[in-house]
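The sequence and structure come first, and the text follows them.

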Amino acid sequence: MRTTVGIIGAGPAGLLLARLLHNAGIESVVLESRDRAYVEHRQRAGILEQGTVDVLRAAGAGERMDREGLRHDGIELRFQGRRHRVDFPGLTGGSSVMVYAQTEVCKDLIALQLKEGGPLLFEAEALEVEGVEGDRPRIRFTYEGREDVLECDYVVGCDGFWGVARNAVPADLSRVFERTYPFGWLGILADVPPSHDELVYARHDRGFALLSMRSPTVSRLYLQVPEGTDAEAWGDEEIWDELERRFETEDGWQLRRGPITAKSVTPMRSYVHEPMRHGRLFLAGDAAHIVPPTGAKGLNLAVGDVVTFARALVRLRDTGSAELLDTYSATCLRRVWQAERFSYDMTTMLHRAPEATPFEDRLQLARLERVVGSRAAETDLADGYTGFPLD
Ligand code: APR
Ligand code: PHB
């Protein structure tokens, strides 16, 4: 098999890239190791920055998002029983975010690709990327019990943190920057209307909690738990009791309970692989970087990467200039590091580390007081949350 751009992975990065290339008249083939149902149903985050919303709309993939997504103009920060709303448009000059689950973004992009786009092969597992230093890189993969080769002009590794594309960058050229956190998130989905109309980020002495949502009738909630926690070790009532404690306010705010339909634990990690390009191999999304979910940046970063790649390839085709391809890694990494910084700041401001000293506890509260007491600090948070520019 032969194509222009071989894409490994049908997460948001690979799927959106295939769509952007299709719209630009550039051929691609997407190889995805899992089956369609798995990709469409794994639970991930659900906050789209304004820039991401604009990109999906412009790509012709925003129709259901515009119908079913919920526009949010702020979040609530909660600590020491107090509530503080951060007003995004007021602070940023008009920006907001959209609550629309990543699973739904993937469903929409898969449907479009299968209907209008190039090949998207499920249960096609890439084994290795070869020849990226020459002009004919190849992906060796298995499909329907056979081994096959996809010959490409370019390979884009959109295969997530556990993928194989990164292995094609020689070890002596790779640099990895990493931090793991001694806690994770226990996430639940519950059939109950959200207890608040915006997301609530709560810092509590017992640990962080987050109230989010998937729709007007489905809540998504998270609890900070120790690293390595087994989700099944938590009973449903125990989860609600703990959420109630962490969200408690002085003004008697009430948490609504309902049947829990899914339960899982997500580890927390910050990770960057540099460079994001080697020869004709480009890395995009989680294949190159991971952020802890506190800043809701993972999906948005993936979108930034593939927009940058698609633009660069179109520039080459239209003008013969490879300049944007050559600067791909540097361009993406500037934005990636801003999102890493923001996600780290949000995570360390809101979570209680198991070994936190009383001094660090006080500092954490001082950081929160600063955000709610200084328009400059609050604007900085609102800017980061609603998104860093793509250029
Ligand atoms: N061959 C083919 N496909 C593979 C391989 C392989 N060897 N290895 C991994 N994949 C697939 C995975 O099954 C997955 O569907 O690559 C896809 C990677 O998708 P994501 O992990 O969703 O990564 P990405 O598209 O970069 O999206 C980033 O996802 O993890 C969240 O928070 C993150 O929101 C962010 C977003
Ligand atoms: C989610 O809804 O899953 C979600 C929202 C905000 C975050 C992380 C996850 O910061």
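Strand β9 contributes three residues to the shell around ligand 1, the largest share. Helices (H or I, at least four residues) and strands (E, at least two) are DSSP runs, numbered from the N terminus. The model is predicted, so local features need pLDDT of at least 70 and side-chain atom pairs count only at pLDDT 80 or more, while totals for chains, interfaces and linings use all residues. Residues are numbered from 1 along each chain as its sequence is written, chains are lettered from A and ligands numbered from 1 in the order in which they are written, and side-chain values use heavy atoms, with hydrogens and water left out.

**Ligand 1**

The shell holds 25 residues, and the closest are Glu32, Arg42, Arg44, Gln102 and Asp286. A residue is near the ligand if one of its heavy atoms lies within 4 Å of it. At least two shell residues come from each of α1 (12-23), β9 (124-130) and α8 (298-319). By type, the shell comprises 10 nonpolar, eight polar and seven charged residues. Here Ala, Val, Leu, Ile, Met, Phe, Trp, Tyr, Cys and Pro count as nonpolar, Asp, Glu, Lys and Arg as charged, and the others, Gly among them, as polar.

| Residue | Distance to an oxygen atom of ligand 1 |
|---|---|
| Glu32 | 2.6 Å |
| Arg44 | 2.7 Å |
| Gln102 | 2.6 Å |

On its own, ligand 1 has 710 Å² of accessible area, of which the protein covers 88%. Accessible areas come from the Shrake-Rupley method with a 1.4 Å probe.

**Strand pairing**

Strand β9 also belongs to an open sheet of three strands, ordered β9-β10-β11 and paired antiparallel. Because β9 and β11 (146-151) stand at the edges with a single partner strand each, one side of each has no neighbour in the sheet. On average, neighbouring strands of this sheet are turned by 25° against each other, direction ignored; the axes are lines fitted to C-alpha atoms. Two strands pair if DSSP finds at least two bridges between them. Six bridges link β9 with β10 (residues 138-143), and Glu128 has Arg140 in β10 as its bridge partner.

Elsewhere, β13 (residues 175-190) and β17 (residues 260-274) run antiparallel and are joined by 13 bridges. Thr180 is opposite Arg269 in β17. Strand β17 is also joined to β20 (residues 289-290) by two bridges, again antiparallel, with His289 in β20 as the bridge partner of Val272.

Definitions and conventions:
Polar contact = N/O pair within 3.5 Å; in protein donor to acceptor, adjacent residues only side chain to side chain. Axes fitted to C-alpha atoms, helices over the stretch in contact; angles between N-to-C directions.
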